[in-house]
Amino acid sequence: MSEVLYEAPKTLDAAVALLARAQGQARVLAGGTDLLIQMRGGRLAPGLLVDIKHIPEVRAIAGENGGLRFGAAVSCMELVEHAEFARTWPGLTEAVKLIGSVQVKGRATVGGNLCNASPAADSVPALIAAGALARIVGPAGSRELEVEAFATGPGKTVLAQGEMLASFLLPRRAPHSGDAYLRFTPRTEMDIAVVGAGVNLTLDEQGICRQARLGLGAVAERALLVPEAAAALIGTKVDAEALKHFAAAASAACRPIDDKRGTKAFRIKIAGVLARRAAEIALLRAKGNH
Amino acid sequence: MDAKVIKHEEISLKLVGTRPVRPDGVPKVTGLARYGADFALPGMLWGSILRSPHAHARIRAIDTSKAQALPGVKAVLTCADFPEQKFEFIGPERVAVNFWHMTRNVMAREKVLYEGHAVAAVAAVSRRVADEALRLIEVDYEPLPHVIDVDAAMRPDAPLLFEDMITRGVEPVPSKPSNISKRIEFNLGDLAAGFAAADEIVEMNFKTAPVHQGYIEPHACLARYDSDGQLEIWAASQGHFVVRAFTARLLNMNIGDVLVHPAEIGGGFGGKTVIYVEPVAAALSRKTGHPVKIMMSREDVFKSTGPTSGASMTVKLGVKKDGRIVAADGVFKFQAGAFPGSPVMNATMCGFAPYNIPNVRSVGYDVVSNRPKSAAYRAPGSPISAFAVESVMDAAATRIGMDPLQFRLLNAARAGTQTAWGPKHAHDGYVETLQALLSHPAYTAPLAKNQGRGVASGFWFNNGGESCATVHVNEDGSVVVATGSMDIGGSRASMAIMAAETLGIAYESVRSTVADTGSIGYTHVTGGSRVTFATGIAVVEACNKVIVELCARAAMIWDVAKDAVLWKDGFARCVDEGKGKLELSLKAIAAKRAVTGGPIVAEAAVNAGGAAPGFASELCEVEVDPETGSVKILRFIVAQDVGRAIHPSYVEGQLQGGVVQGIGWALNEEYIYDAAGHLQNAGFLDYRIPVASDLPMIETILVEVPNPNHPFGAKGAGEVNIVPAMAAVANAINNAIGRRLTELPMSPPKVLAALDAGPPS
Amino acid sequence: MAKHHVSATLNGDAVEFLCETQQTLLEVLRDELQLTGTKEGCGTGDCGACSVTIDGRLVCSCLVLGVEAQGKSIQTIEGMAKGGALHPLQRKFLEHAALQCGICTPGILVAARSLLERNPDPTEEEVRFWLAGNLCRCTGYNKIIEAVLDAAHEMRGN
């Protein structure tokens, strides 16, 4: 019978050493809300669990050069209860709030949400829209990567053997900026997103959109950054006409599958609707009307 | 929020209709109540069941040697450990049982007939060893083509589950086998003449997906088979006498050698009136000499236990311009799952039952297909046919320009109305539920854009049947009331209320318990909305016997004739004027029991007839998001005739719970299969039952038209509330968007597709 | 196979237990510590019947390993009443008939208590969304919501 070992290192270096030594048989244990289900269902059988929750860097939330760095193993509830985080990034907060029930959020982490690499992960489109950077540490040192480049397919990431995700950096917020996240689910809670749309906008003093980012989830093999949609808003006042093109570009970017949670056609249609509605909320926030 | 209770008869009752705390409440809020999975015994082993990965396959061989050899494994079972059973349908047609089917459902023999079908079982020292052992059992399967959908299963070229299944109920007898186990038909009047006389005819087709009862507690039991041949089982079940009978039969044991303890039960809704794990745990215990505990995983519950049927239906109504329904025709095809026994007969009987229609034909097909054998689910069959009938009723009312409630009122069944299946309705109560909605201010309140309102009605038989109750007067005058009815929703409180009311003593003096199968007489399942009715009758009868005895003891004490003593308000009173004002409390008589004849005890055993059916009418308001097809329930009102609410809080709870199950059924719940017949959503993540944030408060109106056959007028209240719910939602959606959805669930993609299909026809 | 030796605090008392790495906290509570008040409804964090709090944080114990409880303070349903005195939530659940079969009740009580500790005056909507992770199939949630709001009212001292 297979035995599963458990270690709880206190430093990043120690964690990296354990992962490197285990030659692919180890998994990082943060919140465990995906890992334990996969182990129970027989889909994963790691020989070693590396519990990273005792490492200070992955549990911290702190300002950094005007931006905000939060550890990969900060629980969702800790994040949404953090006043500055919630105030600065209401859209990303909305997204994190949708990762399962209160109970699940009490353990689940944004780091785990990204590393599990479900195309439907709720925090990822909003992280992408926010322009978040992921810090990866490994035997060769550390590197920063745009979140949209992290997942490569369902369950697949760019992490090499021995590497782990340590933290995220959210950039400094420009004035007249706002973000929003919407997702479609059949019930009001407790469902995996059928479509997720995260929008982040920055306006200038005249109310013209100068920067925009759209992240879409559950409509491709990984969450997408959709620059073509953003382009439809930049230089405009984000009026109805601009939003129409924005929504069309969002739908056009989708390459979804039919699965038990939604059909291709439904997802493509809803992506446009949600992208538009999220942009409308982000716009209100950017204008200062919350 | 106080429930609205509409009474139709005032009688003076002290306790009936009040809301005391239930006697089993404190253990349930402190975590001390013991459910099926909460028991343990020294030396206990864990049992685990191997289940088929194929939707349909022949079993060529099973090699258990590697599993047997694993350290920690104490026994491995296959069908060889269960005796063969005779092929025979036993009992009334509507609820017939066939042990040849049942033993095969518990443990497959020649074939596996659904993904999740049990093929072997293991008992081991831990859960992990047991699960590891399952992986070592080698089963040689010959996969066969499978069929799941009911229409597909009825096609002449469909893969056959049973090579020798010849449809019953068809003349002439078919020469070829099929998957149609049975055809039934009810007729009233002259259907052709009826439709010929109609001014308007509405005919529609409907399709529903199978749904699960969704109880939060997976099936679990602990079994101890001792070397003297005595078997004890602690089981989560709606009927411990049924567990006893079926387990004994499947293991070829005497019923008297099996003792079943009623654990608390974490939901059943009909799905726990059958057995799955009990005979397996018992057989493992017999083989190992140790107690064996089995707990199903949630995945196993969805893959292997009986949901209710999916169905394919056609309903046609003929109506006159003045609103009278002159003809009704329904064809209902139900999936039975792997073995015959869908609730299609109920569906054919209940669908048109709320209405007075002179010409009716109602046809049902019971069809086997490669999915778990269907089990009862709250008013089994009736919600499904009601979805079809009540949708057509709504369409017909619109066609002739009549208000949907007035349309139903005009055609409403009353006492004396002829049913399509034979008897006349014996009870009123339906009309009153319609009137309750008609007079509700919500019925005429304005609606905003994208909002709609729909109504629907429903019928359910409610059962009587066998129940036993014992009443013991304790030495200090307190009373124990024991019944054989598992308490699934607060019935112990109702039993205590009825006993205390009858005896004229305080509620707090009565202790209400559920007795095991060795301590009380045969009592039928807690289901069919029968407990407050039938077991209540038994309780009251036993109390009345106790009262006779109490009076006799008082007579002895006073040295008067027995008939000089009557019982009033908890006291024996002497009516012999010459003796002065004599009275004795129950407590005082109890204190003297030893010198007056010994313990004061009575038992009552009833086979209760005279159950009154349930009628419910419901109103639903929805808001539809036209860009996504999302449906939000804004308001839901259920008016149900409950006869008399013994404990109104628990009656309201039944109404609210049934309605919410119906809402889930209407909007989101369904079994999703892939092309290979594998279940894709075997968990609560993707089998979507309503969560708290999906719902508004459900408003209940308890209409009381008392049942003269029950001492306090109670009618069964647990089930009929689910019957109209899906149609109420469908009719509300239709009112909101001008499109009628005829397939369940009415999930957002379907609503959106209906909206995008173009303007309404 | 070497088991982990875990020391923690459970309902205010020190506790020690042995467990394998894969054993969840739910299994430990029920099978090792014989505290069967916390229920398994699904094993995958979808139903909330196994809710407990760890260091005051509401979680599903089926998604926590027993070994992760090292040094933590765990509260289960068995610790909600103080001696013979029921918590106001427990009392209100009985008064309002907020349970029928009762299997979801321990999880809902633990979750509701966690809500009221953070938000003593929730709206109906806030209660519904907080409890979205606790499935109930019997009650339709009606009386549960009423009981929680009534308990909150009493606990605010109104």
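Modeller: First, a definition. A helix axis here is a line fitted to C-alpha atoms over the stretch in contact, and an angle runs from 0 to 180 degrees between N-to-C directions. Keep in mind that this is a predicted model.

Now the pair. Helix H7 of chain B spans residues 240-250, and helix H8 of chain B spans residues 278-288. They pack with their axes 9 Å apart, at an angle of about 55°. Angles under 35 degrees would count as roughly parallel, and 65 to 115 as roughly perpendicular. H7(B) is therefore oblique to H8(B). The crossing of H7(B) past H8(B) is right-handed.

Which residues meet in this contact? H7(B) brings Val243(B), Thr247(B) and Leu250(B). H8(B) answers with Glu278(B), Pro279(B) and Ala282(B). By class, the contact of H7(B) with H8(B) has four nonpolar residues, one polar and one charged.

Next, a sheet in chain B. Three strands form an open sheet in the order E5-E3-E7, with antiparallel pairing. Strand E5 (111-112) and strand E7 (138-143) of chain B are the edges. Each has a single partner strand, so one side of each lacks a neighbour in the sheet. Strand E3 of chain B covers residues 57-63 and pairs with E7(B) over six bridges, in the antiparallel sense. Within that sheet, Ala57(B) stands opposite Pro143(B) of E7(B). As background, strands of a sheet pair through backbone hydrogen bonds, either parallel or antiparallel.

Last, chain A. Its secondary structure comes to 11 helices and 14 strands. The C-alpha atoms of chain A fill a box of roughly 60 × 45 × 35 Å along the principal axes. Chain A has a radius of gyration of 19 Å, which agrees with the value near 19 Å for a compact globule of 290 residues.

Key:
Residues are numbered from 1 along each chain as its sequence is written. Chains are lettered from A and ligands numbered from 1 in the order in which they are written. This is a predicted model: local features need pLDDT of at least 70, side-chain atom pairs count only at pLDDT 80 or more; totals for chains, interfaces and linings use all residues. Two strands pair if DSSP finds at least two bridges between them. Helices (H or I, at least four residues) and strands (E, at least two) are DSSP runs, numbered from the N terminus. Angles under 35 degrees count as roughly parallel, over 145 as roughly antiparallel, 65 to 115 as roughly perpendicular and the rest as oblique. A crossing is left-handed if the near helix is turned anticlockwise from the far one by less than a right angle, and right-handed if clockwise. Two residues are in contact if their C-beta atoms, placed from the backbone, lie within 7 Å. Ala, Val, Leu, Ile, Met, Phe, Trp, Tyr, Cys and Pro count as nonpolar, Asp, Glu, Lys and Arg as charged, and the others, Gly among them, as polar. The radius of gyration is taken over C-alpha atoms; the globule rule is 2.2 Å times the number of residues to the power 0.38.
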